[in-house]
Amino acid sequence: MAHRILIVDDEGHIREVIRVALRKAGMDVVDARDGKEALARFAADKPDLIVLDIGMPEFDGLDVCRDIRKTSDVPILFLSARDEEIDRVLGLEIGGDDYVTKPFSPRELVARVNVILRRLTPRNGESKPASVLAQGGLSIDIEQHVATFAGAALKLTAIEFGILRAFLTRPTSVFNREQLMRAAYQLNIQVSDRTIDSHIRNIRAKLAAQNCDNVIETIHGVGFKLGHCEKEA
């Protein structure tokens with residue numbers, strides 16, 4: 001079954017460029033012209049991924065993302081005409097999975113969409129590690145794309161899930177930022193330290209809400225490693 005992608009942008013020609021590129025890649029596409037229509041489409045069409053413009057009038061892409069994240073962890077790839085670092089970090093901190101700046105290459109956008117979708121649905125015949133990885137109270141099921149802590153479900157973005165998967169696959173290793181993002185994105189995408197740290201901060205905050213403050217340790221001057229992943233006494 002083809003993946004269904006929701007495109008949200010207030011510029012018709014951009015929606016058309018993305019629509020054509022995704023359909024050529026074998027995907028089913030629906031679109032929306034503004035934030036309110038996007039929420040209605042999301043509820044009605046249940047997309048597998050959303051390509052979401054940030055700079056829309058009134059109800060913008062960040063507002064849409066915040067609303068969707070109240071109930072869903074569907075992957076969101078942001079589009080923006082601005083390449084300021086604050087926009088990139090804000091978009092990822094509120095639950096975005098990736099970020100593409102306009103003008104963009106349709107081929108690159110499709111590649112990034114495919115990377116996110118592959119993390120959610122491994123290809124048939126692909127060599128896979130053990131389906132369930134765990135440490136302390138933290139557990140992820142790779143095939144089901146489910147993460148839990150002490151039995152409680154965690155709402156993770158695809159990038160956050162990918163980072164935890166890397167840690168749990170090699171629980172005693174120290175990862176630098178480049179290694180973590182290569183594991184999470186699986187493409188040669190350049191991102192800044194602030195963007196990487198934003199993902200780590202989000203993971204820590206979500207586990208802290210479950211009374212776990214030791215999910216990821218910072219190794220100063222080197223990178224990060226998996227912590228004990230246990231509830232605080």
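Visitor: Which residues of α6 are buried?
Guide: A158, I159, E160, F161, G162, I163, L164, A166, F167 and L168. Buried means under 20% relative accessible area, exposed over 50%, partly exposed in between (1.4 Å probe, protein chains only). The model is predicted, so local features need pLDDT of at least 70 and side-chain atom pairs pLDDT 80 or more, while totals for chains, interfaces and linings use all residues. Numbering starts at 1 along each chain as its sequence is written, and side-chain values use heavy atoms, without hydrogens or water.

Visitor: How many of the residues of α6 is that, and what does it say about the helix?
Guide: 10 of 12, so α6 is largely enclosed by the rest of the structure.

Visitor: Where does α6 run, and what should it span?
Guide: Residues 158-169. Helices (H or I, at least four residues) and strands (E, at least two) are DSSP runs, numbered from the N terminus. α6 should span 16 Å, and its end C-alpha atoms are 16 Å apart, which agrees. The expected span is 1.5 Å times one less than the number of residues.

Visitor: Now the sheet. What is the strand order?
Guide: β6-β7-β8-β9, an open sheet of 4 strands with antiparallel pairing. The edges are β6 and β9 (152-153), each pairing on one side only. Strands pair if DSSP finds at least two bridges between them.

Visitor: Where is β8, and over how many bridges does it pair with β9?
Guide: β8 covers residues 146-149 and pairs with β9 over 2 bridges, antiparallel. F149 has A152 in β9 as its bridge partner.

Visitor: Which strands does α6 touch?
Guide: α6 packs on the sheet, touching β6, β7 and β8. Contact means heavy atoms within 4.5 Å.

Visitor: What about β6 and β7 as a pair?
Guide: β6 (residues 132-135) and β7 (residues 138-141) run antiparallel over 4 bridges. V132 pairs with D141 in β7. The two strands make a hairpin with 2 residues between them. In that turn, G136 has a positive phi of about 55°.

Visitor: New topic. How many salt bridges does a search of the whole structure find?
Guide: 15. A salt bridge is a Lys or Arg side-chain nitrogen within 4 Å of an Asp or Glu carboxyl oxygen.

Visitor: Which partner does D98 have?
Guide: R112, with the closest N and O atoms 3.1 Å apart. D98 sits in strand β5 (residues 98-101) and R112 in helix α5 (residues 106-120), so this pair links distant parts of the chain, 14 residues apart.

Visitor: Are those two buried or exposed?
Guide: Both D98 and R112 are buried.

Visitor: And R177, which residue does it bridge to?
Guide: D197, at 3.0 Å between the closest N and O atoms. R177 is in helix α7 (residues 177-185) and D197 in α8, so the pair ties together parts 20 residues apart in sequence. R177 is partly exposed at 25% relative accessible area. D197 is partly exposed too, at 23%.

Visitor: Which residues do salt bridges that share partners join into one network?
Guide: D9, E11, D53 and K102.

Visitor: What does E37 pair with?
Guide: R33, in a salt bridge of 3.2 Å, N to O. E37 counts as partly exposed, with 23% relative accessibility.

Visitor: Back to α8. Where does N202 lie?
Guide: In α8, which covers residues 193-208. N202 is buried, with a relative accessible area of 11%.

Visitor: What is N202 in contact with, leaving aside neighbours within four places in sequence?
Guide: L92, E93 and E160. E160 is also one of the buried residues of α6.

Methods
Axes are lines fitted to C-alpha atoms, for helices over the stretch in contact, and angles run from 0 to 180 degrees between N-to-C directions.
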